[in-house]
Amino acid sequence: MKLYSAPGSCSMAAHICLLEAGVDFSLVKLSLAGNRQLPDGRHLSDINPKGYVPVLELDNGEYLTENIALLQYIADQNPAAQLAPASGTLARYRLQEWLGFINSEVHKTLGLLFNPVFEQQVRGAIQDKFSPRAAYLDKHLSQHDYLMGQQFTVADAYLYVVLSWCPHLAVDLAPYPALQAYLAHIATRDAVKNVQGAH
Ligand SMILES: N[C@@H](CCC(=O)N[C@@H](CS)C(=O)NCC(=O)O)C(=O)O
């Protein structure tokens, strides 16, 4: 397997999960700020016509895109790592509930703040949308170690990565102490430290 990833981006979640799963994989780093050329001369859009990371190249040569798909694929290929509950169980739908929430409500809300053309009023509106979502997470994490309860899953890797953008986006997490404690705890995992060192 080969992961195409960009430093600081959401693709770090798949990287963390590949390490957590102990998978043999190679990493291809590219810069989203640059021309998005791959080391072999191709362009990011050659492997993902949608033009973004993450992209996972499977052993059969196919490319898989979309965080939610990649993360579940990595978990399912390596069940011993227990990064996701078994397919078809209610717990698995709960995981997908979290992944959907992280993807469309957290990732895609916070991600808007990277756009420098948005002025203060728009940034304030984006933060207003984010706040109740952060409060929801904070309440849940005040009662649970991880999103799924006792067990670290791919959803935690994904949430960790997108919330790690907050300091760079001037989004204050101080009102959410359980969320801050959760992030500090996730940051101690070897896979997370390794990925942060590699990017
Ligand atoms: N729907 C995609 C979105 C992925 C995404 O937002 N990737 C960002 C990095 S965090 C990216 O590559 N952005 C470049 C672009 O959109 O041009 C997914 O969940 O995988």
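Residues are numbered from 1 along each chain as its sequence is written. Because the model is predicted, local features need pLDDT of at least 70 and side-chain atom pairs count only at pLDDT 80 or more, while totals for chains, interfaces and linings use all residues; side-chain values use heavy atoms, with hydrogens and water left out.

**Surroundings of the ligand**

- The ligand is surrounded by 14 residues, where a residue counts as near if one of its heavy atoms lies within 4 Å of the molecule.
- The closest of these residues are Cys10, Arg36, Glu66, Asn67 and Lys108.
- The shell comprises six nonpolar, five polar and three charged residues; Ala, Val, Leu, Ile, Met, Phe, Trp, Tyr, Cys and Pro count as nonpolar, Asp, Glu, Lys and Arg as charged, and the others, Gly among them, as polar.
- Helix H4 (residues 90-110) gives the most to this shell, with three residues; helices (H or I, at least four residues) and strands (E, at least two) are DSSP runs, numbered from the N terminus.
- Domain 1 (2-82 + 194-198) and domain 2 (90-189) each supply at least three residues to the shell, with domain bounds taken from an automatic or database domain assignment.

**Polar contacts and cover**

- A polar contact is a pair of N or O atoms within 3.5 Å.
- The side chain of Arg36 has an N or O atom 2.7 Å from an oxygen atom of the ligand.
- For Asn103, a polar side-chain atom lies 3.0 Å from a ligand oxygen atom, and for His107 the distance from a side-chain N or O atom to a ligand oxygen atom is 3.3 Å.
- On its own the ligand has 510 Å² of accessible area, of which the protein covers 79%, by the Shrake-Rupley method with a 1.4 Å probe.

**Backbone features**

- Most residues other than glycine have a negative phi, and most peptide bonds are trans.
- Glu66, in the loop between strand E4 (63-65) and helix H3 (67-77), has a positive phi near 85 degrees.
- The peptide bond from Val53 to Pro54 is cis, with omega near 5 degrees.
- Pro54 lies in the loop between helix H2 (44-47) and strand E3 (55-57).

Notes: Polar contact = N/O pair within 3.5 Å; in protein donor to acceptor, adjacent residues only side chain to side chain.
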